[in-house]
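Welcome to this short tour of a protein model. Have the sequence and the structure at hand, and follow along from the overall picture to a few selected residues.

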Amino acid sequence: MRTASTGKERVPFWLRWLLPVILVLTWLALAGVGGPTFGRLEEVSSNDQASFLPAGAEATEAQDRQAKFRDSDEVPGVVVIESSEAFTPVQLGEVAGLRAELEELQLGGAVIGPIPSEDGKAVQFIASIDSSADVTEAVQELRDTIAERAPAGMQAFVTGPAGLAADLTAAFAGIDGILLLVALAAVFVILLVVYRSLLLPVMVLLTSVFALCAAILLVFGMAKAGWIQLNGQSQGILSILVIGAATDYALLYVARFREALTHTTNRTAAVLTAWKASFEPILASGATVIIALLCLLFSDLNSNKALGPVAAAGILCSLFAALTLLPALMALLGRAAFWPFRPKLLPADQREPELVTGLEGQKGLWRATGSLVSRRPRLVWIASVLLLVVASAGVLQLKANGVPQTDVILTASNAVDGQDALARHFDAGSGSPAVVVADQGKAQEVLDTVKAADGVGEAYLLAQGSVPITGAPGAPSAPDVRDGKVLINATLNSAADSLEAEEAVKALRADVKAVDPEALVGGVTATALDTNTTAQRDLVIIIPVVLVVILFILMLLLRSILAPVLLVLSVVLSYAAAMGVSAFVFNNILGFPGADATVPLFGFVFLVALGVDYNIFLMSRVREESLKHGTRPGILRGLGVTGGVITSAGVVLAGTFAALGVIPIMFLVQLAFIVAFGVLLDTVLVRSLLVPALAYDIGPRIWWPGRPARPEPDAAIQQETGGSPEPVVEGAGRR
């Protein structure tokens, strides 16, 4: 067997053709099964907020108790008909006739109403929709019916939990098509600019798409088996994460493959050389992100618990695709993949240059960056840190304590307009009452307490058949009792999804527990309150776990303690800066009323895990070069050879996450900005300037307690780059 650089070695047929073809056909088969499954994710997906609460939340316990008072599981839809003038008797008669037509739709239980407002300018119906039916279709039927039958000149809305759920589902509708197309188009354009090749971008995108198909198949199976609860948010994040991560890993492999092609004419040898060189950083990067995402299993929110395995499955498939499918495609295509700018074979004396300063062979932007880092390392890293600290100050303005559900949808929404109409003419909490489950023996005392509570408009005990006990002649006088418990519905003065309503529920819980310590307060508002409270608790618990896990993986990869600690601190500072800038943008430019309580946690997990990715790509190459040439030349060499590929990877990932902004959901738009901006900040500032300058300033001590085997160049050599000399390590051998 001759040396790899001659390009004349004989490669077995099975390695040159058979194995690549088998790998490609295997991935084609996976894509053939996983692709059609993409359209079936709705079968195992739910956007019901209550279903993602932890089992121990009071709202969840109240919901379980409330279910015993119902013969079927129903979602209330509130029909509101509004007029600019008071209804005439004739108009009231027309509207009253709607009840029979709504009941004929047979969407669920009996329709309650019409209920006129005190000002006479609006009426409402409460139509229960069976949750086993398609709520979106049922709501549309209601809207079509009232649009046809409402008196001329009046506005009609379907709102409440059913209306809001339907509009939320409609907003997520773009996830299956628009989001994926926008993300793929963005990646394709970026790759065309980076590679100036027509074929290679297609191969990289195929790798990403096939990885997504495999991930969808895996996620569908987990959801079908009941292991996870899938929702629209995690479904959208899965697509973006897989496309971005698979492309990043592919870029790293392609960079090493292109470099290997300058050393040999044998494409199989180049594929194997690139695979060996990129295997460890890709595996370490993927493992870091996977384990960080699995830390979400420590969350008390089922939605967070679901996102962890869903996103981890996506990263796992991305990793396997980058290490199997892409090398197989490159083995079959060879230099043709880079057409029309195919890499040329370098002369033998230029393939492994002996570095003196670390800048040899570099030119353009990355030579200038390396020169700046080497001449003024301390100034560069201190200035970078100060800039990040200033940007981090804005995090104090982040309002991540939840937002009303009516603010979540960023496009026109009939349900949101209906909530506004309810607030104008009725107790704003109509149709979405707080639910109190109390002991039968204390029913009247608890009811009196609820009626007297601040923020409660009216309250009543429930009798058989879900009828309120009103005290009117002929009305039921005995409450419905199930397992020794009674049910009290309390209509709040504030909209059920408002922060004011959440404060009212907090006070109500304190009041009723003073009378009945075992009483439970649930409902739509309580569900949102418990979700926000649990999300803030998760932030405190999960962040330290993620940091410890990432630190441990970096220590294993870099065989060092100091370098991993500094890298983790750098990405934490980068995260804080990204959140600070995001808070300023959300509050002052986009005018958002706040942020979902899970936004800081998701932003942290993605930014820290993905930010460490780029530091892994950089520092693994720096360590490789340091073993050959010494630490400081190795830093400059590693920065130069990885600069282009890491920057491209950062732009690709930022572009894919920015695509989330096409979905008109506030949470996804905010997450898109946080991750896209944070990744660019990490790529351009932290990885390009802060980390290299800090490592260069520290020198070989960066590898403490270990040291690279290659001693540092002498003072005369260091003078060429403006760096200070490091003493030669005694007993260190040359590799």
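## Ground rules and overall make-up

Helices (H or I, at least four residues) and strands (E, at least two) are DSSP runs, numbered from the N terminus. Please keep in mind as you read that this is a predicted model.

By that assignment the protein has 23 helices and nine strands. Of its 735 residues, 55% count as buried. The protein exposes about 29,600 Å², and carbon and sulfur atoms supply 61% of that area. Among contacts between residues at least 6 apart in sequence, 81% join residues at least 24 apart.

Let us begin with an open sheet of four strands, whose order is S2-S3-S1-S4 and whose pairing is antiparallel. Strand S2 (111-116) and strand S4 (155-159) are its edge strands, each pairing on one side only. On average, neighbouring strands of this sheet are turned by 15° against each other, direction ignored.

Strand S1 (residues 74-82) pairs with strand S3 (residues 122-130) in the antiparallel sense, over nine bridges. To find one of these links on screen, look for Ile81, whose bridge partner in S3 is Val123. Helix H3 (residues 89-96) packs on it, touching S1, S2 and S3, and the direction of H3 makes about 0° with that of S3. Helix H6 (residues 160-171) also packs on the sheet, touching S1, S3 and S4, and its direction makes about 95° with that of S1.

## The nonpolar cores

Which residues touch the most other members of the largest nonpolar core? In this core of 164 residues, they are Tyr249, Phe257, Leu293, Met330, Phe606, Phe657 and Ile665. Helix H22 (residues 666-698) contributes the largest share of the core, with 20 residues.

Leaving aside neighbours within four places in sequence, Phe657 is in contact with Ile240, Leu241, Phe606, Leu610, Ala672, Val675 and Ala676. A second, separate core has 25 residues, among them Ala438, Leu461, Val512 and Ala526.

## A closer look at Thr449

Thr449 lies in helix H16 (residues 443-452). Is this residue buried or exposed? Thr449 counts as buried because its relative accessibility is 18%, and the cut-off for buried is under 20%. Not counting residues up to four places away in sequence, Thr449 touches Asp511, Val512 and Val515.

## Aromatic pairs

The count of aromatic pairs comes to ten. One of them joins Phe586 and Phe592 in a tilted arrangement, 5.8 Å centre to centre with 45° between the planes. Phe586 and Phe592 are both buried. Another pair, Phe673 and Phe677, is stacked, at 5.8 Å centre to centre with 5° between the planes.

Phe673 and Phe677 both lie in helix H22, four residues apart, or about one turn of the helix.

Terms used. Residues numbered from 1 in each chain as written. Predicted model: local features only at pLDDT ≥ 70, side-chain atom pairs only at ≥ 80, totals over all residues. Heavy atoms only, no water. Core = buried A, V, L, I, M, F, W, Y, C linked by side-chain atoms within 4.5 Å. Buried < 20%, exposed > 50% of the residue type's maximum accessible area, 1.4 Å probe, protein only. Contact = heavy atoms within 4.5 Å. Pairing = 2+ DSSP bridges. Axes fitted to C-alpha atoms, helices over the stretch in contact; angles between N-to-C directions. Areas by Shrake-Rupley, 256 points an atom, 1.4 Å probe, with all protein chains shown as cover. Phe/Tyr/Trp six-rings, centres within 6.5 Å; stacked < 30°, edge-to-face > 60°.
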